[in-house]
Amino acid sequence: MNDCVFCRIAAGEAPATKVYEDDTLCAFLDIRPIARGHTLVIPKRHATELEDLDAELGAHIFRAGHRLALAIRRSSLAADGANLVLNDGTAAFQTVPHVHLHVIPRRYGDKLRFAAGLLLRRPHDPATTAAAIKGGIAALDNEEVPSTDEAAPTGRAEKGPQR
């Protein structure tokens, strides 16, 4: 039996609040979140560090992280942005020896709350948080994507201070 907690989560043998899963990876809420909606994206196949990870699988993890960050913006969590962070090795503060990408929702003006989140790392109602993220994924799935020959970009208006 593998003693890696993330491998056990991916296999359904350890508890986690999953928000997304496919054949090669799964995403679940961090049990010690920095911010509400802090999600981890992991490969189902064990890889301790980037050295052990196939480049295409690594790209798939970042594509999933990108999609989750967009979904969180569209969810009731209403994030204004996200940090996508991958700590590679203990020298880079990796605490679980299984590759994982952090998707951390951010809001304008949250610097103090974010700093407090780094220190406190307390869970936020996982059931409603996961439901919000899944709702954002559904909203993203329902958006119409214009074809490349339909010209005009639609972009979203920026919120908060302009720099």
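A salt bridge here is a side-chain nitrogen of Lys or Arg within 4 Å of a carboxyl oxygen of Asp or Glu. The model is predicted, so local features need pLDDT of at least 70 and side-chain atom pairs count only at pLDDT 80 or more, while totals for chains, interfaces and linings use all residues. Residues are numbered from 1 along each chain as its sequence is written, and side-chain values use heavy atoms, with hydrogens and water left out.

Glu49, Glu51, Asp52 and Asp88 form a negative surface patch. Asp and Glu count as negative, and the place of the charge is taken as CG of Asp or CD of Glu. Glutamate 51 sits in the loop between strand 3 (39-43) and helix 2 (55-74). Helices (H or I, at least four residues) and strands (E, at least two) are DSSP runs, numbered from the N terminus. Glutamate 51 counts as exposed because its relative accessibility is 73%; the cut-offs are under 20% for buried, over 50% for exposed, and partly exposed in between (1.4 Å probe, protein chains only).

A nonpolar patch on the surface consists of Leu118, Leu119 and Leu120, which together have about 330 Å² of accessible area. Such areas come from the Shrake-Rupley method with a 1.4 Å probe. Leucine 119 belongs to helix 3 (residues 111-120) and, with a relative accessible area of 72%, is exposed.

How many aromatic pairs does a search of the whole structure find? The search gives 1 aromatic pair. Phenylalanine 6 and phenylalanine 28 make up this edge-to-face pair, at 5.5 Å centre to centre and 70 degrees between the planes. The pair links distant parts of the chain, 22 residues apart: phenylalanine 6 is in helix 1 (residues 5-10) and phenylalanine 28 in strand 2 (residues 25-29). Rings of Phe, Tyr and Trp (its six-membered ring) pair if their centres lie within 6.5 Å; planes under 30 degrees apart count as stacked, over 60 as edge-to-face and the rest as tilted. Phenylalanine 6 is buried at 6% relative accessibility, and phenylalanine 28 is buried at 2%.

Two loop residues remain. Alanine 78, in the loop between helix 2 and strand 4 (81-85), has a positive phi near 50 degrees though it is not glycine. Alanine 78 is partly exposed, since its relative accessible area is 29%. Phenylalanine 93 has a positive phi of about 70 degrees and is exposed at 68% relative accessibility.

Terms used
Patches are made of residues with over 30% relative accessible area and no salt bridge: like charges are joined within 9 Å, nonpolar side chains (Val, Leu, Ile, Met, Phe, Trp, Tyr) within 5 Å.
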